[in-house]
Protein chains: 2
Amino acid sequence: MMKELTVDLGSRSYPIYIGEGIVLKIASLLEKNGIKPTSPLLLITDDHVAAFHLNTVKEKLEQGGYQVNVHIVPAGESTKSLASLEQIIRVALEAGLDRNSVIVALGGGVVGDLAGFAAASYMRGIRFVQLPTTILAHDSSVGGKVAVNHPLAKNVIGAFHQPELVLYDTELLLTLPPREVRSGYAEVIKHGLIRDADFVSWLNEHADELLALDLDLLGHALYTGCKVKVAVVSQDERETGLRAILNLGHTIGHALEAVAGYGVILHGEGIAIGMVGAARLAVQLGRPERIHTITKQIFQRFQLPVVIPAQLDTDAIMAAMMHDKKFKEGRMTFVLPVDIGEVDIYEELTTEQVRAVVSELKQEGLLCG
Amino acid sequence: MMKELTVDLGSRSYPIYIGEGIVLKIASLLEKNGIKPTSPLLLITDDHVAAFHLNTVKEKLEQGGYQVNVHIVPAGESTKSLASLEQIIRVALEAGLDRNSVIVALGGGVVGDLAGFAAASYMRGIRFVQLPTTILAHDSSVGGKVAVNHPLAKNVIGAFHQPELVLYDTELLLTLPPREVRSGYAEVIKHGLIRDADFVSWLNEHADELLALDLDLLGHALYTGCKVKVAVVSQDERETGLRAILNLGHTIGHALEAVAGYGVILHGEGIAIGMVGAARLAVQLGRPERIHTITKQIFQRFQLPVVIPAQLDTDAIMAAMMHDKKFKEGRMTFVLPVDIGEVDIYEELTTEQVRAVVSELKQEGLLCG
């Protein structure tokens, strides 16, 4: 069973296919979407994913007549660097990629962001295709935000570059380690918290089967999560307004990831804590207490952290947030829930308000040991 | 006297101002074009330009209330690297540049391309302003092509990112070294060769005054050159077709620059030789002999090279062209004149045809000593 969604961006609209065994049909799906096997293709993946899925994908592409060049990067956030970009561009040049070529990203958010930025900048932009292999990537593979990190800040060198299509084969997710599965659900839950309270209830109800990777339920969860993302991105591709709501939990989350050192706290873990922080801020601003209760509960249900690890320094976390690109002209801007399934953007938060919540979350971390 | 042109790209349209003393009005021109002094601004220039013009520009911006951060890069093509980009992003983060900030490029093509790509990729794109300080930059500062080099190929990592405005103060050109002046006129001549035979005659007639930097004539030359560029870019921003005609002379030119080592042969020198090569190819394909005669003559009139330096290896030049991004799917594509003031794109040239012309141009280089 294959579900299909369309990201509606006029001439740059593209489909997302979600379902079991999609990779087996990759060649025909590429052809159907205007990607012909005339120019060399570059398949980028990481060493973890390569061990499980590279051969199948490569074989299916070659059976369809594609000339496949493979570049394998080390797994992990530190791969999202300008140095990795330079290597990819070298491989692309040596393989003779031209303006009609396509880069295929087989992996999670790291591979998608890196390969996507390579596609955005190689010869000032060639096409790319996302084959997400994580749950987390249901978020990052949709919407065209691509980037690499700078030693001082995450995702600060990038572009808006939409893929030609997203092929989401749920079977590829069966090899995910349990911690990655849990982390991935944080973004799925986020989409519920932003726009769909019923979906939050559904996730709560089916948490056990979802954590066990029941493929039918997983397909539904990814489809519903993507649908929220697609609706938002279709309205505001370049984050001039509405799209910022997708950053719920990300301001604190990114800071935690940066301070802990990339990869120590997983992205989903960081934003889970960040969303609990956002819920606390909302309650302090007078929103109903249930926002915090339900937010905390759903993340606990998915075995995700809800407090800041005791060893992380509050000053360092605050400093990392100051570098965050979501702060315009010195004011602290946060996406905060106004209820479950609804958020708003608050532009006038003070440093003190934010610091107080960070301290509370850390205090609880100390109590948890 | 200030001339104004508009690059017509719908919601991303922008003006080009050309004339004497424009820098003195920079603050009011920025304000007029929607750039308010609310967020920190980053002024990027190179050490050569800084010595002459930095203080004036900085002072005028500060008088207008702008918070100016300055980053000075080493002059020369080798500055157009990912390493330079990483430094600029560091400076931008440390200076607190946000999404409303602006990067101002004060310099020639190298500074414009580098600063422009930094603006294109910082936080996935902030605004930038071009203040060209060379004649060559009348070409590169208009049209939004920004990029850095890869060790294997020039301009291969980049974006299409249009400036908010271009401020072209002809007085800044008075400090240019004579070799840079000559090199700069190569792009001006190119615009005549592509679309305006009368302009080629006019340039031929006024070569001496133009080389002596008569500001009135220079202003007219830049205005007319820009006008050709603007007309082409307005019709085809992303080089899906027509815009490729602006690459006249560039395929051979880029290869010569790369093989000689960036900066040994100046860009204008490379493309002057490249345009003579294109004229030769055209004549061999049956076009009138005068194309070659007039093309060679106009570059000689501006004291530009018209043969390939003897020390450059033919195989290396051919190999460098194979990496050129203008080759689609293995065919050799060239922009060639069909007459003076008119060009067309030839997609089916053979390697042998091109190699023969490269050899001839080199043979003449040997004869010239």
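What percentage of the 369 residues in chain A is buried? In this predicted model, buried residues make up 61% of chain A.

Now the overall form. Why does a radius of gyration of 20 Å for chain A agree with a compact globule? Because a compact globule with 369 residues would have a value near 21 Å. If you draw a box along the principal axes, the C-alpha atoms of chain A fill roughly 60 × 40 × 40 Å.

Next, what the chain is built from. Chain A has 14 helices and 11 strands. Take the contacts in chain A with a separation of 6 or more: 75% of them are between residues 24 or more positions apart.

Chain A exposes about 13000 Å², and 49% of that comes from carbon and sulfur atoms.

Last, please turn to chain B. Strand 10 of chain B covers residues 332-339, and strand 11 of chain B covers residues 342-349. How do these two strands run? They are antiparallel, with six bridges joining them. One facing pair is Pro337(B) and Val343(B), the latter in strand 11 of chain B. The two strands form a hairpin with two residues between them. In the turn sits Gly341(B), with a positive phi of about 90°. As a general point for reading such strands, side chains in a regular strand alternate between the two faces of the sheet.

That is the end of my part.

Note on methods
Residues numbered from 1 in each chain as written. Chains lettered and ligands numbered in written order. Predicted model: local features only at pLDDT ≥ 70, side-chain atom pairs only at ≥ 80, totals over all residues. Heavy atoms only, no water. Helix = DSSP H or I, 4+ residues; strand = E, 2+ residues; numbered from the N terminus. Rg over C-alpha atoms; globule rule 2.2 N^0.38 Å. Buried < 20%, exposed > 50% of the residue type's maximum accessible area, 1.4 Å probe, protein only. Contact = heavy atoms within 4.5 Å. Areas by Shrake-Rupley, 256 points an atom, 1.4 Å probe, with all protein chains shown as cover. Pairing = 2+ DSSP bridges.
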